[in-house]
Amino acid sequence: VADEMAVMYAGRVVESGPVAQLFDDPQHPYTLGLMGSMPSLGPRTGRLATIAGRVPTPAEMPAGCRFASRCPFVLDACRVVPPPLVELAPGQQVACLRAPLEQHLETPA
């Protein structure tokens, strides 16, 4: 029961914005993975999606994007510097060098 939502991964906000917009058009690979892993109310036709890998421990946080080791769209640049939160749409911010994701969903890196 909220109007706004923030998605965090390993202690950092990776996406934020209006709830309906994030559910309808997730733009961070982690948010996309979370949406794919949600069960539905109707009959299940297959397995729920999973996100490969594991969350880094506090002692092993990477220098760049904390989701890089699990991301299907990772670039070399993602491993160097944490991506800043940038506004993609009014009120929707995402920390991903590949955003908007629509252009990458067919051809992951």
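**Entry 1: helix α2**

Before anything else I wrote down what buried means: under 20% relative accessible area, with exposed over 50% and partly exposed in between, using a 1.4 Å probe and protein chains only. I also noted that helices (H or I, at least four residues) and strands (E, at least two) are DSSP runs, numbered from the N terminus. This is a predicted model, where local features need pLDDT of at least 70 and side-chain atom pairs count only at pLDDT 80 or more, while totals for chains, interfaces and linings use all residues. Residues are numbered from 1 along each chain as its sequence is written, and side-chain values use heavy atoms, with hydrogens and water left out.

Then I looked up helix α2, residues 29-36, and found P29, Y30, T31 and G33 buried there. What covers the buried residues of α2? The cover includes β1 (4-9) and β2 (12-18).

**Entry 2: the core**

I went for the nonpolar core next, meaning a set of buried Ala, Val, Leu, Ile, Met, Phe, Trp, Tyr and Cys residues joined through side-chain atoms within 4.5 Å. In soluble globular proteins, nonpolar side chains tend to be buried together. The largest core here has 14 residues, and Y9, Y30 and F67 have the most contacts inside it.

I picked F67 and listed its contacts (heavy atoms within 4.5 Å). Leaving aside neighbours within four places in sequence, F67 touches Y9, H28, P29, Y30 and I51.

**Entry 3: empty space**

Rolling a probe the size of a water molecule over the atoms shows where empty space is left. The search runs on a 1 Å grid over the protein atoms alone: a cavity is a set of points where a 1.4 Å probe fits but cannot get out, a pocket is an open set with protein on both sides within 12 Å along at least five of seven lines, and lining residues have an atom within 4 Å of a point. Grid points are joined across faces, edges and corners, and a volume is the space filled by probe spheres set on the points.

How many cavities of 30 Å³ or more does the structure hold? I found 1. The largest cavity has about 70 Å³ of space, and its lining includes H28, P29, F67 and C71. For classes, Ala, Val, Leu, Ile, Met, Phe, Trp, Tyr, Cys and Pro count as nonpolar, Asp, Glu, Lys and Arg as charged, and the others, Gly among them, as polar. That gives this lining 11 nonpolar, 1 polar and no charged residues.

The largest pocket holds about 170 Å³. I counted 13 lining residues, with P29, L32, G33, I51 and P72 nearest its centre. By class they are 9 nonpolar, 3 polar and 1 charged.

**Entry 4: the backbone**

A cis peptide bond joins A99 and P100, with omega about 5°. P100 sits in the segment after β4 (92-94) and is partly exposed at 31% relative accessible area. Leaving aside neighbours within four places, P100 is in contact with Q27 and L88. Its C-alpha is 8.3 Å from that of H28, 72 residues away along the chain.

A10 has a phi near 50°, a positive value in a residue other than glycine. A10 belongs to the loop between β1 and β2. Is A10 buried or exposed? I have A10 down as buried, at 16% relative accessible area.

**Entry 5: the salt bridge**

R54 pairs with E60, and the closest N and O atoms are 2.6 Å apart. R54 is exposed at 52%, while E60 is partly exposed at 36%.

Q92 is in strand β4 and is buried, at 1% relative accessibility. Leaving aside neighbours within four places, the contacts of Q92 include E15, G17, P18, L22 and V86. Q92 and P18 are 74 residues apart in sequence, yet their C-alpha atoms are 6.8 Å apart.

I finished with F23 in helix α1, residues 19-24. F23 is partly exposed at 39%. Again leaving aside neighbours within four places, F23 is in contact with M5, M35 and M38.

Conventions: Salt bridge = Lys/Arg side-chain N within 4 Å of Asp/Glu carboxyl O.
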